[in-house]
Amino acid sequence: LITMFDATFDENRDISGGQPGVEAVSRLRTTVEPASIPNTLETRALEKFPPSEDSTRLLRYTAPGDGFSLMHSPTWRVVRETPKRTTIRLLDGGDVVAQGNISLLKRIPTGKQLTLDDFVTDVRSTLEQLKGQVTQVETAKLAEGSKLRALRVVAEGKVQEVDVIWVYMHVSDDQGNRVSAVFTLEKKRQEKFAGADITLLSGLSLIDSPAAETAKASNAQAK
């Protein structure tokens, strides 16, 4: 009867588009002891939770500071995060298809929304430095049942003689919570990208910050 075993793992992982390189030695010790089956793991308990196809394919990401969360495909990989910005990459094997930056924006008054025209003006101002041109403007439709409002502007240009596409999005709710997202990809990869921004942000949930909740509670008491 084996009651304990040790294992050592040597790992030498090259740098890729989705993760840094790693050189590491890991040691694992496992101890085996007799135990009864917890009630929560008995067959009759597990039958109440049938396997969900979506749950096996999607990952949940929550941004630092709890400003927003994402349910996303494993093909998206978070590579950098700060309280105000998350950088995420769409991977195809080890190749980077696109990179996106999702930024938490300052709240606006409840009931107000950024107009599509104002968003296009903001994007064009940014594109002046990049020498890009707007090619598509729309109020995008997210997943069915989503209560979020999404503005979408697509632009094209060149960076160091490489044809590039930028996809700018502004997503907000009726409570004034909002994020902006910018996706960058080489034009030759647009077929692989194929609306991946819409699919990704369809899994977006905006979260009221504690400060926002306090402000809302104060307003309610004042009324």
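V32 counts as partly exposed because its relative accessibility is 41%; the partly exposed class lies between buried (under 20% relative accessible area) and exposed (over 50%), with a 1.4 Å probe and protein chains only. The model is predicted: local features need pLDDT of at least 70, side-chain atom pairs count only at pLDDT 80 or more, and totals for chains, interfaces and linings use all residues. Residues are numbered from 1 along each chain as its sequence is written, and side-chain values use heavy atoms, with hydrogens and water left out.

**Surface patch**

- V32 is located in the loop between strand 2 (22-31) and helix 1 (43-46); helices (H or I, at least four residues) and strands (E, at least two) are DSSP runs numbered from the N terminus.
- Together, I2, F5 and V32 make a nonpolar surface patch of about 290 Å².
- Such a patch consists of residues with over 30% relative accessible area and no salt bridge, with nonpolar side chains joined within 5 Å and like charges within 9 Å.
- A salt bridge is a side-chain nitrogen of Lys or Arg within 4 Å of a carboxyl oxygen of Asp or Glu.

**Aromatic pairs**

- Three aromatic pairs are found in a search of the whole structure; ring centres must lie within 6.5 Å, and planes under 30 degrees apart count as stacked, over 60 as edge-to-face and the rest as tilted.
- One of them is the tilted pair of Y61 and F68, at 6.3 Å centre to centre and 55° between the planes.
- Both Y61 and F68 are buried.
- F183 and F193 also form a tilted pair, with 6.1 Å centre to centre and 50° between the planes.
- This pair links distant parts of the chain, joining F183 in strand 11 (residues 178-186) to F193 in helix 4 (residues 190-193), 10 residues apart.

Methods
Areas by Shrake-Rupley, 256 points an atom, 1.4 Å probe, with all protein chains shown as cover. Phe/Tyr/Trp six-rings, centres within 6.5 Å; stacked < 30°, edge-to-face > 60°.
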